[in-house]
Structures are given as structure tokens and as C-alpha cells.
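The sequence and the structure come first.

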Amino acid sequence: MTKTRYGVATIDGNEAAARIAHKVSEVIAIYPITPASAMGELADAWSADGVVNLWGAVPEVIEMQSEAGAAGTLHGALQTGALATTFTASQGLLLMLPNMYKIAGELTPAVIHVAARAIATHALSIFGDHSDVMAARPTGFAMLSSSTVQEAHDLALVAHAATLRARVPFLHFFDGFRTSHEVATIALLDEDVIGSMIDDDAVAAHRERALHPARPVLRGSAQNPDVFFQAREASNPYYLAVPGLVQAEMDRLAALTGRQYHLFDYWGAPDAERVIVLMGSGAGPAREVVARLAANGEKVGVLVVRLYRPFGTAEFVAALPVTTRSVAVLDRTKEPGAVGEPLYTDVVTALVEQCPEMAPRVIGGRFGLASKEFTPAMVLAVFDELAAPQPRNHFTVGITDDVTHTSLAVDRSRWQEPDSVKRAVFYGLGADGTIGANKNSVKIIGDETELHAQGYFVYDSKKSGSMTISHLRFGPDEILSSYLIGEADFVACHQFGFLERVDVLREARHGGTFLLNSPYGPDKVWEQLPVEVQQTIIDRRLRFWVVDGARVARESGLGGRINTVLQTCFFALSGVLERDVAIAAIKAAIAKTYGRRGDVVLQRNFDAVDASVAAMHEATVPASATARRHRFSMLTAGAPDFVTRVTAMMFAGDGDLLPVSAMPVDGTLPTGTARWEKRSIADEIPIWDPSICIDCGRCALVCPHAAIRMKVYEPSALVGAPNGFVSKEWGDKDLPGHKMTIQVAPDDCTGCGVCVNICPAKSKEQVKHRAIDMAPKLDHLERERTNFDWFMMLPELNRRALKLDSIKGSQLAQPLFEFSGACSGCGETPYVKLLSQLFGDRILVANATGCSSIYGGNLPTTPWTVDATGRGPAWANSLFEDNAEFGLGMRLALDAQRSEARRLLADLAAVADPDDVATSGITELASAILDADQSTEAGIIDQRELVAALAARLANIDSPMSRRLATMVDHLVRSGVWIVGGDGWAYDIGFGGLDHVLASGRDVNVLVLDTEVYSNTGGQTSKATPRGAIAKFSASGKTTGKKDLGQIAMAYGNVYVAQVAMGANMTQVVKAFTEAEAHPGPSLIIAYSPCIAHGIDMAEQMAHQKMAADSGYWPLYRYQPAADIADGHGFQLDSGKPKIPFRTFATSEARFAMLARSHPELADGLLAQAQHDIDNRWQLYEQMVGLHRTAMADDTDTEAETEAETKARIDRTVEQ
Amino acid sequence: MTTDLRTRYLGLDLAHPLVASASPLTGNIDTLLALQQAGVAAVVMPSLFEEQIEHDAMAAHHAIEFGAELSPESSGGYFPELDRYNTGPEHYVEMLRQARNELRVPVIASLNGTTVGGWTRYAQLLADAGADALELNVYLVAADVTMNSMSVEAQYVRLVESVRATIDIPLAVKIGPYFSSVGAMAQRLVDAGADGLVLFNRFYLPDIDLDELDVVPHLTLSSPGSIQLPLRWIAILHNRINASLAASSGVHDATDAVKLILAGADAVMMTSALLMHGPEHVTTVLAGLQRWFNDRDYLSVAQAKGSVSQLHTPDPVAFERSNYMHALTSYSPSH
């Protein structure tokens, strides 16, 4: 690509494709899914901003309830004559498949843009490969592949242009993350070019074919054996024409832009003997290697597939040099059991068909699954294999396969990146702005200089305390290196604390520059470094600079946002631009990025830029490493073998080195692993003061990370306790003479502060001091580590003795969900943890895809854990859309096995011989088991003991019946099924299934963690999003009200329904959980879950929950199905009459307040309507109560006072 | 006969002394029109708070950035970028323009700054937007125990001087009563360029929530009969400093207004009573004012203004006495 300054932009692949899609579409149906969400978000934002398409109209963008819904809408829009598109990936594409067959079968021009991603198999992965698009091969869609950001832009247009002429719909795809999220400098297609490519006659023809009563036709008929087959073949000519039409569009584009593409593009020696065939971003490193080898005279080449379907066999063979002797086809997918992966079999077929006499040898290999790195060294390994006398077929590259020995050996040292490309790596903290600043830097260099620029960003799997790594390249030529930087000229560490945990200098090249954001100055910093860091700085002769970014940011009024400071320092040190030019460019970029946010934001950032260079200093580097401190190991001693051998490698960042043999063959993993990963991310941790503690247990209940624990124990258990271990008398009369301790897990706490905010015990002398207070971690770490270890060894109370339906009682039960990587202060996890405390030793959890499946099940570690006996929740995630059904399947299986076990046991008892040692007493044991009351905790424990006794007896009874019973004996003890998920699942994509499962009447419990947006994919609107809130896809405020899921469920009459909010009434939450579990039919708990997407200080989340209830926005209630209660009045309101206006609650949260500020009139209307919704609903609920009942007693909640009500009324009047 | 109620305040000709002071009622065009309809002589818009602008801008900025880059699935943050944030002074300026266009009576803008740059920048903005006058709402709680009164006063003076140097429209300064020497301070402010003084500001004051033991900001509306503080100082300052005087705090009815006029007020500002009784309360007070002067055959308000000020009362010391002295002597049989 020749770079011209005109029309250049530095954008990512998603934007590159979406710009075209929006420009040439009239209807766009969307649904969020990583990594394609951004395409929908951009299209939605552009339409919201009034950006018009080629014809001057604003495309209609609509979010649907699922990808299946988006595909249906797409289909309908196309049939009715609109130019329509959608964006998706992975499972989303799978949900579109049925409609894709229809759209193709009806020869309808359309384009679906796909950020190609792995499909969930043994595990979910959000990362990129071709598994999803390969599943769409048989749909009849043409498939066009882009391998760079530029191509994602160019070929998106080729797809839209070609589909109109060809009538065959197109799937245009590029690699998820690697291309969709890579920021690169590209030449933009201007409107004239786009206009020239779109054929008006073809558009008119499309409209002519549309459904309309003026020219009625019928489509979607049902056909019989007599004609279906022939009709299916009728479209053949259209498919035969596609390759030619696509090439014609590519040629047209070339004439307009100078960028020439072909159906198959070849690079390398014209007389190549060894050729690699592949598609997607892997083309980058392959082209780099080929260029270098061919320049050295090696006869190698690479052939990149662009039009994959229809596969032009003749064009393929024509593109391959006639000298080719061996071909390696690389597939970025896996098709177990196939003769080879899809592209491989296509190539083999093409060669056999086209040159049956002299076909070259072909081998196939797999690479890059789920964004596994694909590097030049791997390309070299493939070329080596092609040169071998007997090259291996069906190989893998990029992993070590020590099981079936498919992998090629890779020697990383054989490839050095060229010096002409400057490379920089930045370590930032998730959400500290590092990535944003780096994207800005890439844009500055890409847009302002002659250099090409590339940015790629890596995140870890945790949402709290997570690390981001930015990889930036700048060079004179197009950058094809679609892999992480191995050797960097510049390394920046934006968080001092990372030095303790991570080898941030891993990529630093000899003589490179290291910039550290440090609270210690140039003369003091050295002694604060771990010895490993010191040694690397010395060994690699790094130039070492420090800047106190936090101070500069603070003094510039930017709070903790250090990104601008560090960005300025990067430019000052890297020398990519003249310093003055760089500073002017940074300011211009700031003005562009933050321009809408006001002068204050700009000025403060400008001030930070101006102060940064002066605050940066080169540090003195002594000749030898002197520190005694070592890098901190995140693995705790005593971990089980799997954790030590496998898991620890992952959390140390070395997961790539794990061989195939280390991995479970079926995705089954042990639980209880989070406790071994000590991340120690908090700066401050809560410290307990027993002198004023009132033993209420709330801190433990609300802790989102199970990092605050409460135990009650006999005083004798304190013998041998470490000095400094704190305890107090337990005040509850039920366990007289006991001691109690509230203990923090100092390395697992995220420092969110929710516990401190909920603590009701304030000092009489200083109200700011509570029974639990945040304090600097380092002042307490050693002592609290020792205390926590001791605390964990204290015995748990016997569950028989616990009053589990109370706050205190529940908190004396061991959490079997701990230390998740959820966002600090998460609003969901306290409910999940409570669930694990109440029933964790006897439940199966079906978990919908979403935040809870990520913090619950994303490797390396899982928070789901076991008690001392090894019991704990069994957890599984199926999909996003099917979670209720998945849970129902669990229930059916449990019931079937329980019922069979009971039958077998009864039969066994019937034939038991009292005189036979093996079977004597079985009859009595069977009666005890079959008649057991398992409605209480004690009953279940008793039953477990009886069943254990039975199991022991069965081992001695040699009969088929006994052996069969032994396989399902555990089912004689009651187990529960909890179906857990977020609102995106329950209200939208999974609603049909949820509805069906609730209607089934089976004994399942559904916990909806309602954050009121799609939290996991970044805050898109769901049907749970309240009226008047902004969210992605609702940039001007959601205009419709929140769906009342509880009402829908109550309509069945036999479903237990509770709406809860922990911060509003904790007792009610605990009651609702226990009642739901006790209800023998379906139960639904809708739990208000504050989320960072609400724009609140998460430390205050419980107070926001209280306001939500106090305003009547989130009324608390429990609905007992009529069969469960005596008086027939099943609906009970647990919160008092609204006592504050909705507006008071709403304006305390950025999601509403931002709209009130940006569009005050609109917000006024929506908030007034929302108040009206609340008033209406409250009236309805009061009617449902039948007679007014007072709120359930809870000492956090007081009855509405007359005075408060009066004040609320006046406030409302004044605000209106 | 009908008394001529016309007055001059800050060089502006007002139909009478009753002015609606800064409150939610003066921040909305509908209620502003209602106030005019009810007969108010001028309006003071709510303050443009520099601190609020900065806070809102940064809050919106942080909200948009919050959570961005937290995970690969939410790399773009949790909120959509909005087309506008309205965190700057634009909304206020627009409201001022609209008020200026739609009202016949003078519109006085009000400003509360935090930095010298902010005071002058925004003062210029409000003057350019057509404000008939500007009221500086100076609000400074000198909580730093090392900061003495001289430096606080110097800060006030510098601020007034810098704004005066920036704008040409009439300038009023609204101050609180908490100076060691209110009179001297008033004089310094006039010397610094103030055309008038508004006596006095009512501040948000802290209160303690006895349930939560939290400190909560509290703004109580003034109650009738609480005009004595401005009454004293207007009476003392009348004809002693060369500037307009406006009374603020506690004016609820016509008798309050009359007393303040007699003490020397050029304008009488109302807030709490209007919030309690609505804009139409102006009509009632105005009628009462007119009636009082008519009944006593005053030719004009100008005639009455300051007639019971300290300079013009037979008992000037009365304005200086403490209540204790007064109480003691009034019960003394020898008096």
C-alpha cells in the first residue's frame, strides 16, 4: 500500500468495516457479541448522530433480543426491499444460520460482517479464529475474507457491491480481536468511490423483487419431493457467476483506489516450490517471512484466500506458481474427525480436480485457535516442514502437542523484527486510560506523519485489578506484523505495583528505554525495585526513566488518570516525533477526543501535558543489583497438584508454554482454585475493631469478593492463635460463651469499600470510625496474612446449628464462592456468594454466559469452591440463550435418577434377607431413607449420613440391582438446581426458554442478577434497562419502560417470585432465597445488582439499592404461589410506600444524570414518565396485596415517616 | 394620591424596588415570565457556579471513561459517547439570552467563581450575553485557620477589581454578614469597583442527621420577620458609601420591604417568600407597598428612602446597640 496523506485514518477493523456497512445500508439489525459489538455500537451511534448513508438517509438501527432475532429482522427487511446488514460473531453467527439458508435460498443481496471468533466447545472463548465462519459454509452465503484493517474496509465494500450484482448474499469476515480490535493506519474510501461501486440498477432490481401489495408474490413456500430438488439447483448459475463478479468489483476498486485485490492473492518467488495457503490475519507474518526469504533467493510463496465461497478452483490453481511442489494449507479452525480442515480439503479437491496429473503434495495444519499467536517463527517452521522429505500432514503449529505429536517445533530466535519498525510495549491497569492514550498515540503518528502505525491491546481475564498490555508499532511501510511484539525499543510500566507481580521487562530489547510511573524519584527508585527488575535493567543496559504520573495528574486536576502524563512522556522519550510537534499533536488529539466534554476537561489535560516532561527524570542505574526483595509469587504454598502444575502457569502469564497433555481432555476442571491465586491488588483493606462491632454480619454478607469472613467458635479454639489475632465475645444468645472474629483476606480483598459503607457500628467518639475501616494494606499485610491463615483453620460451625434464614446465620456458613475476578465492588457477587453459603453443598448451577460465567468460570482460576468435606456447587455453562433449558435438563436428570434410585432401593428392601449379613437391616435403612424429611438442613444432613451408610452396604451386595443403585445413590439426598444469569439472558435472549421452564412447573430456582444492561459486553441496552437511562444503543435515553419480569412469572400462578435488593432489605433477600429453595416448583428471584455501567461509586452500591427501593423504582416483594399458603393472599410487599421521588434516586446515578445534563428536556419527560410508571405499578401492587401489610422488619429499613413523605412531596413539586 | 415607586439600582431604572432574587424561579423562562407578569421590577438569575461547571465536566468525563479498558469485552467503556454534555456555561448563557430577549424588566446575571481566571472569564461571557448587570455571589468559607481576615478581605478586593476591569456593565457584590467590619469592607468593595452591594447572602449551612450521624448541607428558607440583619447594615451604610444598596434575606411582605426602604435600600430582593407563595406573591407585596406609601401620602419612594437610616434617625445609636442594652433600658423606669 502506498500511503497518501489524503483520506488516511487510524481506526480498528470493526470501524473499518462498519463505516462501509453504515454507508450503504438502510436497515441494520444488531445484537451485542464480542468481538463484533463495536460494529453495532458504531452504527447505532452514527445513526443517533444523524450520519447519513450514501443516499442521504439515516440508516434505521435496531437492537434485537438475540442474533436469531437480528437475522430474522434482516431477512424481513431484505425481503421488503431494503439494503440491510448485520454484524456478529461466534455463537451469534450460529444463531443466524437458519435465516442465512433462507436469505441465500431466496437469492437476496445482503452482507453480514463477522469478526470471526472461536465457538464454545470444551470451553468458551471470546477470541479469534475461523470456527464460526466455517460453520456457515453450507448456507449458500458467499464468503469473503479480510486479513488486515485496510482490507476489512476495502473488501467490506467489495462485498456490498458484489452482492447486489450477484444476488448471492455475502459473509464478510476478518479475525476477531487481531483485526477487529487492531488499530492501524488505513486509506479511507471516500463517498465517491463507494458511490461508484454501488450499482444503482442492481439496487433498483433488488427493490423490484421486494414484497409489496402492489405486485404481490409468495416466498417461503413448502415444496414436495417432486420439485424441491430441481428448485434447489435452479440458483446454480448465480453461484457460478460470483467469482467473476467479485473479481470485477475488485478490479473496479483497484481502478478507483490503486489497491488491487484478487480472489487469491499470491506473494513470493514467481518460481516458488513451497507455498503456504491461508486466510485471515495469519497472512501478515506469512507475507513478512516470504518477503525476507524470497529476497534471499528462497523459492517460497504465500497464497492468501479472499473469496472462500464460492471457491474458484480454476482461479486458485491459476494463482499458484506452476513451479509449486508442495503446499501447506493452514486452517484457523478445527474440525474433529474430518479428513482435514475445510480449507485444506478445498485445496486438495481443487488441485485434484484442476491438475489431476501433476498436483503438488499438500499438507494441512491448524494454527491460531482462539487468538493463539501466529508468528514468523511459526511460518518458518511450516516452510521447514514443507522442505522435509516426508512432511507431516495434519500438523499443528504454535502449541506443544505431546499427546498426539502433531505440533511443529518452533525456534523463536530465528526471527528478528526489522530495525526500521519502532516497537513499544505498555503495561497499564485496566481502566487507567493507558489503552485510550495509546490508541491516541497510534492515531497521532498514523495520521500526522508519514509513518504507518499499528496498535494492539491485550487484556487479562479479571475485571478487577486487571492488567492491559499495549503493543505499538511504527514504521515506514505497511505493518503486516499481526502478532505481539517480542522485542520492544520502549517499555513503559504505568503501575508501579506490577513490578512485584509481572516481568514487565520481558519484551525490553538490549539498549532500549524503560519508563516507569513511580512515586519514587530518580534517586530513590532503584532501591524499591525487585532484584529481578534491577538485574534486567543492568543486563540489557536499559535507559531507565521515572515520572510520578499520579502526582502530575493530581496537580492538573485529573484525579488518578495518569494516561495523558505517560503518553506525553512516551513521545518525549521515543523521539518518534519532534518534542514540540508531539506536544502540539497530543493536545490536538486531546481536543478531538474530549472536545465535547468541555473546556475544563481539555484544559486540565493540557496542563498535564505541559507538566509532564519536566516531571520526567532519568534514574541512576548502579552497576549491580542490590535489592533483596524478589518478585512476588501469586501461588500460595500448599496448592494441589493441578494448580501448581497447570493453573499457576496460567496466572504467571506462561499458559502458552503448557503442553497438550497438561490440559483436561473434556474441559472438566477442579473448583476451588481462586484461593491459590493471590493477586493482592488492594491499596487499602478493611480492618476490624471488635470493641464497637455489633456482630451483625453485614460486612460479610455484602462483600462481593468473600474477602470478609465471620466465624463463631469455642474459646478453646483460640489456643495457639498468632499474636494479634483478634476476637470478641459473640453476643448472640443461641451460642453462649462463644467467641467471634471478622477477618479480612488481605491478598484477596479488592479494596472496594462496600463493607465499610454498610457497617452500622460507629464509634461514639469519632463517627468516622466504624467497626470496620479501610486502612493502608502495607501497614497490616503481614499480620492479616497470618491471621487469615489461622482464621481459615478455625473450625466451621455445624450447619445443623445455623439459622440460615437470618443475616447472621447465613454469614456463619462457609462461602463456597470466593475471591472472584469480578469488578471491584460488584453488585452481583454478594448474591452468588449468599447462594453458595445457603445451599452450596447441595446445588448444581447452570450459568448463562455473561459476567457471572466470566468471573465464575474464566481461567485461570474459579471462585466456586468446596467445603472441608469436598462438597460444593457443581457448575456449568452451556450457552447464553439456553441457560434455563440447560438447568431444566439438570433437574430432569436429577429427578429421573432420584426416582430410579428410590425404586431400586424399594425393590432392594423388598428382597432383602434379614438373615443374610450383606442385606440384613437394609429394609429398615431403606425405609428411613425413603421416608426421610429433607425439608430442613438437619434433615438433609441426616439423609446424607443414611445414604453414606447405604452406599457402604451396597458395596457388599453383589447384585445387578445393587450395582445399579450404587451409581445413583447420591440422588437420594436432595439436590437443588439454580439457574443463574443476567438480565440480557433472562429478559432478552433466553426469555423464551426461561418462560418455558417456569411454565414447566419443575423444581428449579432461577436467580436473575439484574444489572439492567448487558454488562459483560460493555453496557448495551437490554429490556431490563430503565426508562430514561442512557446505555449503549440508547445514547439518547431509553424511551421504553423496563419489562416487569416478575409480573410475567407471577401470571403462571405456580411460580415463586421474589424481587430483592440486598442494600434495601437484607433479611428479605435471605428469606427469599430460602423460600425459593423450599418451593417445590419453579422459583424466580430478581436481584437488583448495581454495576459499574450505572455510573456510581461502587463502594456506595448498597445505598443506591436502598434508594432504588425507597423511590419505589425497585419495590421489594415476594409472591408465594397459592398452593404454598393458607390464606390465598400470596403477594407480599416488603418495601414501604415510595418515600423519595424517582428523580432523587435517578440523578444520583450517571446513567440517568448524564441524560439530564446532555438533553434536559428529553430527560425531564422520560423521568416524569418513569415516575408515572412507578406510581402506577405501586398502585397495582398495593391492589395485589389485597390488604396492606407492613414492611418486613429489618433494622436497615424504617417505616416511611410522615415528615419524610411530606418532604418528598415538596421536593417533587419543586423539581417539577 | 399615588406614590411614585420608581427607584434606581446599579444605575438601572426600576419601576419599583421589588426584585426577584436568585432562586429556581429565576432559572426558568416560564417562571421568569410569571414573575414579570406579577409585576417584579427586575430579576436576578441563579448563580453560574464555576465549581459546579468544573465538577460536572470532570464527572461526565470520568463517567464516560469509567470502566473502559476493564476487559476485552468492554474495551470501549460502559457509556455511549453523547453528542453533547452541557457541562460548560453554555446552558446558563443560553438561558440568560432567552431571559434577556423575552423579558422587559432588567435581567441581572449572577456568578460564583472559584478562580480569578474563572471569575473574569465567566463575567465577560455573561456581559456579552446581554446581562443588564452582574451580581458577584462571593461565597468563601475561610476554613483555613491560618488564613487571617486581612488576606480574606484582600482576596475579595482583588476579585472585584479584576472583574471590574473586565466588564463595563453595572456590578453588584453580594456578601455575607461575617466580616469584622462590615462597613469598612463595604467601602473597600465599592472602591474596588462595585456599583452596589447586596446585603446579605444566605448560605447553605451544615446540619447533622441524627439517624446517620452524617453532616448534611441544609438550606432553610428565611422566615418572616428576619430582616433585621440587612436592615441594620443598610441603615448604617446608607449615604455613607457611594453605591446602590439592595436588601436580601427575610423579605416576606410589604411591611418588610417598607422598613428596608426606609432604612435606605434602593432595591428589595425576595426569594423565600416567592418560593413559598409563588411568583404571584409579588403582586400582593407590591400592592401592599403601594398602599403603605399612598396611605401616608409619600410623593415617591425616593422621598422615603433612607429616611430612617442611621444618618437620618433621631436615635442613630439604636442601629449599633446590642439587644441586651436595648432590653435593659426599655424596662428601666428612669428612661
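Leaving out residues up to four places away in sequence, L83(A) touches V24(A), S25(A), E26(A), V27(A), W55(A), L164(A), V203(A), H206(A) and R207(A); contact here means heavy atoms within 4.5 Å. The model is a predicted one, in which local features need pLDDT of at least 70 and side-chain atom pairs count only at pLDDT 80 or more, while totals for chains, interfaces and linings use all residues. Residues are numbered from 1 along each chain as its sequence is written, chains are lettered from A and ligands numbered from 1 in the order in which they are written, and side-chain values use heavy atoms, with hydrogens and water left out.

L83(A) sits in the loop between α3 (67–79) and β4 (84–88) of chain A. The helices (H or I, at least four residues) and strands (E, at least two) are DSSP runs, numbered from the N terminus. With a relative accessible area of 7%, L83(A) is buried; the word buried stands for under 20% relative accessible area, exposed for over 50%, and partly exposed for what lies in between (1.4 Å probe, protein chains only). The C-alpha atoms of L83(A) and G993(A) are separated by 32 Å, and the two residues are 910 residues apart along the chain.

A second residue of chain A, G511(A), belongs to strand β20 (residues 508–517). Its relative accessible area is 45%, so G511(A) is partly exposed. Neighbours within four places in sequence aside, G511(A) is in contact with R540(A), R541(A) and L542(A). The C-alpha atom of G511(A) is 9.4 Å from that of D539(A), a residue 28 residues away along the chain.

The charged pairs come next. Side chains of opposite charge can pair when their charged atoms come close. A salt bridge is counted when a side-chain nitrogen of Lys or Arg is within 4 Å of a carboxyl oxygen of Asp or Glu. Over all chains, the structure holds 86 salt bridges. One of them joins R1151(A) to E1012(A), with the closest N and O atoms 2.7 Å apart. R1151(A) lies in helix α39 (residues 1150–1158) and E1012(A) in the loop between β31 (1005–1010) and β32 (1013–1014), so this pair ties together parts of chain A that are 139 residues apart in sequence. R1151(A) is buried at a relative accessible area of 3%, and E1012(A) is buried at 0%.

R1027(A) and D1173(A) form another salt bridge, their closest N and O atoms being 2.9 Å apart. This pair also links distant parts of the chain: R1027(A) is in the loop between β33 (1020–1021) and α35 (1045–1050) of chain A, D1173(A) is in helix α40 (residues 1160–1185) of chain A, and they are 146 residues apart. R1027(A) is buried, with a relative accessible area of 14%, whereas D1173(A) is partly exposed, at 25%. Elsewhere in chain A, salt bridges link R799(A), D841(A), R842(A), E937(A), R944(A), R974(A) and E1077(A) in a network.

In chain B, R6(B) forms a salt bridge with D4(B), the closest N and O atoms being 3.0 Å apart. R6(B) is exposed, with a relative accessible area of 58%, and D4(B) is partly exposed, at 29%.

How do the two chains meet, and how many residues of each take part in the contact? Chain B contributes 37 residues and chain A 55 residues. Together they bury about 4200 Å², 58% of it on carbon and sulfur atoms; buried area is the accessible area (1.4 Å probe) that two parts lose on being put together, summed over both. On the side of chain B, E69(B), E73(B) and Y78(B) lose the most area to chain A, together 20% of what that side buries.

Six salt bridges are counted between chain B and chain A. In one of these, E54(B) pairs with R604(A), the closest N and O atoms being 2.5 Å apart. Helix α2 (residues 50–65) of chain B gives the most to the side of chain B that touches chain A, with 11 residues. H61(B) is also placed in helix α2 of chain B. This residue is buried, with a relative accessible area of 2%. Residues up to four places away in sequence aside, H61(B) touches Y594(A), R597(A), V601(A) and N605(A).
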